[in-house]
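Me: I am new to this structure and would like to learn how to read it. Please take one feature at a time.

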Amino acid sequence: MQSRSVLGYGAAALGVLGLALFVGWWQVDGPGAPVPDDGRPLPLTAMEFDLTDHEGRPVGPDTLVGSPSMVFFGFTYCPDVCPTTLADISGWLDALGRDAEQLNVVFITVDPERDNVDAMAEYVGYFHPAIRGWTGPEEQIALAVEGFRATYEKVPTDSGDYTMNHTASVFLFDAEGRFVTTIDYHEPREFALPKIRRAMNEKDAEGAT
């Protein structure tokens, strides 16, 4: 009789433990888990901002949907990261040959105070002709940065001027506007090109880094 009681208590304890583990799984890893904010960019179709390209035409996230896209944030007074990255992008586009015509390639300024349409037109003119420069009001730039889950910050310099800190990655989206992956600053061409081709060929997957 005593052994039956022990077995009964043991079974009950195991049942409670199993229920607790199930509830924990449901809340942490299962369907009841909260959706994590992992810093992934929104789909282009979920972004809302209005900018102007370096030819004075209105543009926004809808401009990019329909073709795979490569997007980079920076500014024309950038001393090294921006010209280096834009030179890398130009090299990638050259390596893609005619396939590069399928891509939207956009450089969005984070320094609209200095980077007006004329400044952007002159700057992107130093790089591959496929690269488009986008600028606009500060609040619209902030909306774009937020949608891409990028960052930027105005930093005073000792000379009394300022510079901009900003995300240095290149963002890749497929033709449906879904985020695919990023290319890191100074990432070798042998790694960058397959990522670009992946974005160009991505059709049914939801995109993953």
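Reply: Start with one residue. Leaving out residues up to four places away in sequence, Ile 183 touches Trp 92, Ser 169, Val 170, Leu 172, Ala 192, Lys 195 and Ile 196; contact means heavy atoms within 4.5 Å. This is a predicted model, in which local features need pLDDT of at least 70 and side-chain atom pairs count only at pLDDT 80 or more, while totals for chains, interfaces and linings use all residues. Residues are numbered from 1 along each chain as its sequence is written, and side-chain values use heavy atoms, with hydrogens and water left out.

Me: Is Ile 183 buried or exposed?

Reply: Buried means under 20% relative accessible area, exposed over 50%, and partly exposed in between, with a 1.4 Å probe and protein chains only. Ile 183 has 0% relative accessibility, so it counts as buried. Ile 183 lies in strand β9 (residues 179-183); strands (E, at least two residues) and helices (H or I, at least four) are DSSP runs numbered from the N terminus.

Me: Which residues of helix α5 are buried?

Reply: In α5 (residues 138-148) they are Gln 140, Ile 141, Ala 144, Val 145, Gly 147 and Phe 148. They lie on the same side of α5 because they cover an arc of only 165° around the axis, the arc being that of the directions from the helix axis to the C-beta atoms.

Me: What do the buried residues of α5 pack against?

Reply: They pack against strands including β1 (51-53), β3 (69-74) and β4 (104-109). Just after α5, Arg 149 takes a positive phi of about 60°.
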